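Keep the view open as you read.

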Amino acid sequence: QSDDDEDEQDETSVDEWLHRAALARRLHNLSEAERALRAAAAATNSPRAWKALLEMYAQEACVKESLVAAHELLECYEAFSVSPPPPAPLVIHKAVCRLVSAHGLQAVRKAQDAIGVAHPVVNDLFHLIVRCRVHGFDR
């Protein structure tokens, strides 16, 4: 990266990065949207940025990226560090169910294993998916 790019990142607020990401998504420029959202997330560990990344990755059926974003989003909130944890937020629930439907539960679990130990909230969600027989739970 050039010095100009680094100066731009320092001067750009989270709201500006999120706005840039929204514009890029509307223009179907996902790589630019991802860059803007990652910059917003890196600036302040913004839950809004992680949520937007999670939604974008899940919509594009990117398993590992979605799971990493879900974990980062959960880390933004202290409420999910207690034992037992509360149920998954709706955005994470929807994203993981979408991934399971697209790829099957085994593929999603395999991706989770590849990135590390599942957050207890995500692990509970995997069990709920089996109990509720979400489309794709059996493959």
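Start with Ser 46, which is buried, with a relative accessible area of 5%. That falls under the 20% cut-off for calling a residue buried. You'll find Ser 46 in the loop between α3 and α4. Setting aside neighbours within four places in sequence, Ser 46 is in contact with Val 14, Ala 40, Ala 41 and Cys 76. Bear in mind throughout that this is a predicted model.

Another loop residue worth a click is Pro 85, in the loop between α5 and α6. With 18% relative accessibility, Pro 85 counts as buried, since the limit is 20%. What does Pro 85 touch, leaving aside its neighbours within four places in sequence? The contacts are Phe 80, Pro 120, Val 121 and Asp 124. If you want a sense of distance, pick the C-alpha atoms of Pro 85 and Ala 41: they are 44 residues apart along the chain and separated by 24 Å.

Now go to helix α5, residues 63–75. At 1.5 Å a residue, its 13 residues should span 18 Å, and the end C-alpha atoms are 19 Å apart, which agrees. The expected figure is taken from one less than the number of residues. Several α5 residues are buried: Val 63, Ser 66, Leu 67, Ala 69, Ala 70, His 71, Leu 73 and Leu 74.

For a local view, zoom in on Val 108: not counting residues up to four places away in sequence, Val 108 touches Val 63, Leu 67, Leu 99, Val 100, His 103 and Phe 126. Two of those names, Val 63 and Leu 67, came up above as buried residues of α5.

Next, the charged side chains. Side chains of opposite charge can pair when their charged atoms come close. How many salt bridges does a search of the whole structure find? It finds four. One of them joins Arg 35 to Glu 32, with the closest N and O atoms 3.0 Å apart. Both residues lie in helix α3 (residues 30–44), three residues apart, about one turn of the helix. Arg 35 counts as partly exposed at 37% relative accessibility, and Glu 32 counts as partly exposed at 33%.

Helix α3 also holds Glu 34 and Arg 38, four residues apart, about one turn of the helix. They form a salt bridge with their closest N and O atoms 3.7 Å apart, which sits within the 4 Å limit for a salt bridge. Glu 34 is partly exposed at 27%, and Arg 38 at 35%. Over in α4, Lys 51 and Glu 55 lie four residues apart, again about one turn of the helix. Their side chains meet in a salt bridge at 3.2 Å, N to O. Lys 51 is partly exposed, with a relative accessible area of 36%, and Glu 55 is partly exposed at 35%.

Finally, the cysteines. A search of the whole structure finds zero disulfides. Cys 132 is in no disulfide either, and the nearest cysteine sulfur, that of Cys 97, is 8.1 Å away.

Terms used. Residues numbered from 1 in each chain as written. Predicted model: local features only at pLDDT ≥ 70, side-chain atom pairs only at ≥ 80, totals over all residues. Heavy atoms only, no water. Helix = DSSP H or I, 4+ residues; strand = E, 2+ residues; numbered from the N terminus. Buried < 20%, exposed > 50% of the residue type's maximum accessible area, 1.4 Å probe, protein only. Disulfide = S-S within 2.5 Å. Contact = heavy atoms within 4.5 Å.
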